Amino acid sequence: MTVFFAVFMLILGGVALSVQSSINGRLGNSVGVIASAWLTFVIGFAISFLLLFFFEPNHEVTLFSAPKWQLIGALFGVMYMLIVVFAVPKIGIAAATVCTISGQLIMSLIIDHFGWLNNNIIPLDSNRYVAILLLIGAITMIYLSNKRIAKAA
């Protein structure tokens with residue numbers, strides 16, 4: 001897989017997350033946050049199961065023999081889904097996405113800096129600190145824009 005293809009697929013994944021967040025936010029507003037998240041996970045389970053059954057090659061480690069701490073990642077997916085379904089109708093898709101991406105990037109920088117979860121250490125430097133400030137600035141600008149639009153309405 002080329003780097004270009006990986007970047008393209010990640011951008012496509014980001015597009016899918018924004019669309020999913022918007023749809024699930026509206027559905028959650030109609031049927032409830034937990035029901036909307038439940039639907040996402042049921043359909044996700046069915047598709048993942050079929051992909052696993054038909055396409056996943058054999059690996060030395062299985063879900064039953066993997067280190068147990070690695071299995072908690074699924075809990076974070078549930079937490080993310082519930083938060084997004086709750087937040088999108090209240091603050092909008094752009095603000096929810098900017099906040100989500102900012103949280104992801106800031107936590108990623110911290111994980112890199114300390115090498116947590118068996119990752120390589122990539123120390124914080126001045127460029128990374130500026131990136132954090134720009135993320136905070138993006139959240140602030142989206143918030144102020146939403147506030148101005150709400151005030152005008």
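This is a predicted model: local features need pLDDT of at least 70, side-chain atom pairs count only at pLDDT 80 or more; totals for chains, interfaces and linings use all residues.
**Entry 1: α3 against α4**

I looked up how helix α3 (residues 73-91) and helix α4 (residues 93-114) are arranged. Their axes come within 7 Å and cross at roughly 140°. Angles over 145 degrees would count as roughly antiparallel. The pair α3 and α4 is therefore oblique. I noted the hand of the α3 and α4 crossing as right-handed.

Next I listed the residues that make the contact. From α3 they are Tyr80, Val84, Val88 and Ile91. From α4 they are Ile93, Ala95, Ala96 and Thr100. I then sorted the contact of α3 with α4 by class: 7 nonpolar residues, 1 polar and no charged ones.

**Entry 2: the loop between α4 and α5**

I checked phi here. Most residues other than glycine have a negative phi. Leu117 is not a glycine, yet its phi is positive, about 60°. Leu117 sits in the loop between α4 and α5. Asn118 lies in the loop between α4 and α5 too. Asn118, also not a glycine, has a positive phi of about 65°.

Asn118 counts as exposed at 71% relative accessibility.

**Entry 3: Ser145**

I placed Ser145 in helix α5 (residues 126-152). Its relative accessible area is 25%, so I logged Ser145 as partly exposed. I also took a C-alpha distance from Ser145 to Val61. The two atoms are separated by 49 Å, and the residues are 84 apart along the chain.

Key:
Residues are numbered from 1 along each chain as its sequence is written. Side-chain values use heavy atoms; hydrogens and water are left out. Axes are lines fitted to C-alpha atoms, for helices over the stretch in contact, and angles run from 0 to 180 degrees between N-to-C directions. Helices (H or I, at least four residues) and strands (E, at least two) are DSSP runs, numbered from the N terminus. Angles under 35 degrees count as roughly parallel, over 145 as roughly antiparallel, 65 to 115 as roughly perpendicular and the rest as oblique. A crossing is left-handed if the near helix is turned anticlockwise from the far one by less than a right angle, and right-handed if clockwise. Contact means heavy atoms within 4.5 Å. Ala, Val, Leu, Ile, Met, Phe, Trp, Tyr, Cys and Pro count as nonpolar, Asp, Glu, Lys and Arg as charged, and the others, Gly among them, as polar. Buried means under 20% relative accessible area, exposed over 50%, partly exposed in between (1.4 Å probe, protein chains only).
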